[in-house]
Amino acid sequence: MRVTFHRLRPTSTRRTVCFAAALLLASVVREDANAQTAVDLQLVLAVDVSGSVNPQRFELQKMGYVAAFQNRRVLNTILAGRNQAIAATMTQWSGPFLQSQVVPWTALKDESSVKAFAGAIESAPRMMYGGGTSISGAIDHSATLFPQAPFKAERRVIDVSGDGSNNRGRSVTQARDEAVDAGMVINGLPILAFEPYLDQYFKDYVIGGPGAFMIAAKSFETFAEAILMKLIIEIADLAPREQRKYAGSTIGFGPRSGK
């Protein structure tokens, strides 16, 4: 908003006008600061960078995300929503207190914004290496990112990908339950390269909330296919019956409500 001041004589009238204008300007600034853009989904992409994820595996993960967001099906799914926009951010995690938000909250609403987000993921450096595998720490950290987002959405989802079970930090079920109680949904993408039953672990201990689900990647080489499928289901908020036709036997999901 543009506010124009006119030169007046130094009278009480001028002081009154200036005071009113100052109040109006303060109101505009306050409204801008508090403004939140409505989106269909707030999505935290929590990416495993623990010691088992060597540089080659990290690159496969990263480029899998890049390819997924460059895929037209993801944009079409976003545009099919009520607000035709979602907000997403990416964070890397390993140990209980080792997390780093590498791509800031971004509104994805058209081809240019989605491509820019993919480009930001591609250029994001690896911020840590090692430190154990703390899924609980990843969940706790991801939960703190939602209040920082200049967006509002009915759905808040933490999307955890990883190649191992929780071996550092507090109980993963405690972290999951607290996040779910706060209104978040946790979905998972276990990578079965080292723990062949990690998908069952994610289903039993990691995912939670209404409609929570997980899609397993058999290896880092198949991560790109899994994350594309997962993003489409996640953004569209598909029901379990609809999920099966996309994912076949690679998917597992919790109850439609609850933990």
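Author: The side chain of Thr89 reaches the backbone oxygen of Val103 at 2.5 Å. This is a predicted model, in which local features need pLDDT of at least 70, side-chain atom pairs count only at pLDDT 80 or more, and totals for chains, interfaces and linings use all residues. Residues are numbered from 1 along each chain as its sequence is written, and side-chain values use heavy atoms, with hydrogens and water left out.

Reader: Why does Thr89 count as buried?

Author: Buried means under 20% relative accessible area, exposed over 50%, and partly exposed in between (1.4 Å probe, protein chains only). Thr89 has 0% relative accessibility and therefore counts as buried. Thr89 is found in strand E3; helices (H or I, at least four residues) and strands (E, at least two) are DSSP runs, numbered from the N terminus. With neighbours within four places in sequence left aside, Thr89 is in contact (heavy atoms within 4.5 Å) with residues including Leu43, Val103, Trp105 and Phe117.

Reader: Why is Thr77 called buried?

Author: Thr77 has 15% relative accessibility, and therefore counts as buried. This residue lies in helix H3, and a polar atom of the Thr77 side chain lies 2.7 Å from the backbone oxygen of Arg73. Beyond four places in sequence, Thr77 is in contact with Ile232, Ile235 and Ala236.

Reader: How do you know on which side of H3 the buried residues lie?

Author: In H3 (residues 72-79), the buried residues are Val74, Leu75, Thr77 and Ile78. They cover an arc of only 160° around the axis, which puts them on the same side of H3; the arc is that of the directions from the helix axis to the C-beta atoms. Their packing partners are helix H2 (55-70), strand E3 (86-93), strand E4 (99-108), helix H4 (111-123) and helix H8 (223-236).

Reader: What makes Asn71 a cap of H3?

Author: A side-chain oxygen of Asn71 lies 2.8 Å from the backbone nitrogen of Arg73, at the N-terminal end of H3.

Reader: Which residues have the most contacts inside the largest nonpolar core?

Author: A nonpolar core is a set of buried Ala, Val, Leu, Ile, Met, Phe, Trp, Tyr and Cys residues joined through side-chain atoms within 4.5 Å. The largest has 75 residues, and Tyr65, Phe69, Ile135, Ile139 and Val160 have the most contacts inside it. H8 gives the largest share of this core, 9 residues.

Reader: What is the volume of the largest cavity, and how many cavities does the search find?

Author: A cavity is a set of points on a 1 Å grid over the protein atoms alone where a 1.4 Å probe fits but cannot get out, and lining residues have an atom within 4 Å of a point. The search of the whole structure finds 1 cavity of 30 Å³ or more, and about 60 Å³ of space lies in the largest cavity. Its lining residues include Val47, Phe58, Tyr65 and Met90, and H2 gives the most to this lining, with 4 residues.

How values were computed:
Polar contact = N/O pair within 3.5 Å; in protein donor to acceptor, adjacent residues only side chain to side chain. 1 Å grid on protein atoms, 1.4 Å probe; cavity = no way out; pocket = protein on both sides within 12 Å on 5 of 7 lines; lining within 4 Å. Points joined across faces, edges and corners; volume = space filled by probe spheres on them.
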